[in-house]
Amino acid sequence: GRSEMASYYIVLSLHILGATVWAGGHLVLAVTILPDALRQHRAATVSEFEQRFERIGLPALAVQIVTGLWLAEHLLGSPANWFDGNSVARTVQVKLGLLVITVGLAIHARFRVIPRLSDATLPTLAWHIRIVTLAAVLFVLAGASIRFGGYPAFE
């Protein structure tokens, strides 16, 4: 009924707000901050941005994960249905795959790349940033496609 629609709208709105922060922050990082840092061979430029962005970016990602799981269950039912062959389920599968890539790169960056970050190793972090940014944009496009029934190409 009405309260279920209100809950759906609130959760979807939080999911979209989280996506704007996560994708927008990574686009700013990848398109403006990173090229300057690479040109200047200055890893600190990226570190300074990421320390500030983490305060809002990581909570935004957490909100997206929680709300995304709720939305998937709302749209498809139990997680067993998330692996069906319909276009919404396939879109959820794409988003789960992007989440695995994002979390995997975040863990690798946090424990392997960032502790050793220097001006010389900045290009390694740059690839992480580019891939996470691409994944963030694909997350947004996949999410938007659900409004139109999911990815028809996956049918």
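## Basis of the values

Local features of this predicted model need pLDDT of at least 70 and side-chain atom pairs count only at pLDDT 80 or more, while totals for chains, interfaces and linings use all residues. Residues are numbered from 1 along each chain as its sequence is written, and side-chain values use heavy atoms, with hydrogens and water left out.

## Leu 38

Leu 38 belongs to helix α1 (residues 2-40), helices being DSSP runs of H or I with at least four residues, numbered from the N terminus. Its relative accessibility is 23%, so Leu 38 counts as partly exposed (between buried, under 20%, and exposed, over 50%, with a 1.4 Å probe and protein chains only). Leaving aside residues up to four places away in sequence, Leu 38 touches Leu 122, Pro 123, Ala 126 and Arg 130, where contact means heavy atoms within 4.5 Å.

## Packing of α2 and α4

Helix α2 (residues 43-76) packs with helix α4 (residues 122-146) at an angle of about 30°, and their axes are 13 Å apart; axes are lines fitted to C-alpha atoms over the stretch in contact, and angles run from 0 to 180 degrees between N-to-C directions. The contact is made by Ala 43, Val 46, Glu 50 and Leu 75 of α2 together with Leu 122, Leu 125, Ile 129 and Ile 146 of α4.

## Helix α3

The buried residues of α3 include Val 88, Val 92, Lys 95, Leu 99 and Val 113, and what covers the buried residues of α3 includes α1, α2 and α4.

Definitions and conventions: Helix = DSSP H or I, 4+ residues; strand = E, 2+ residues; numbered from the N terminus.
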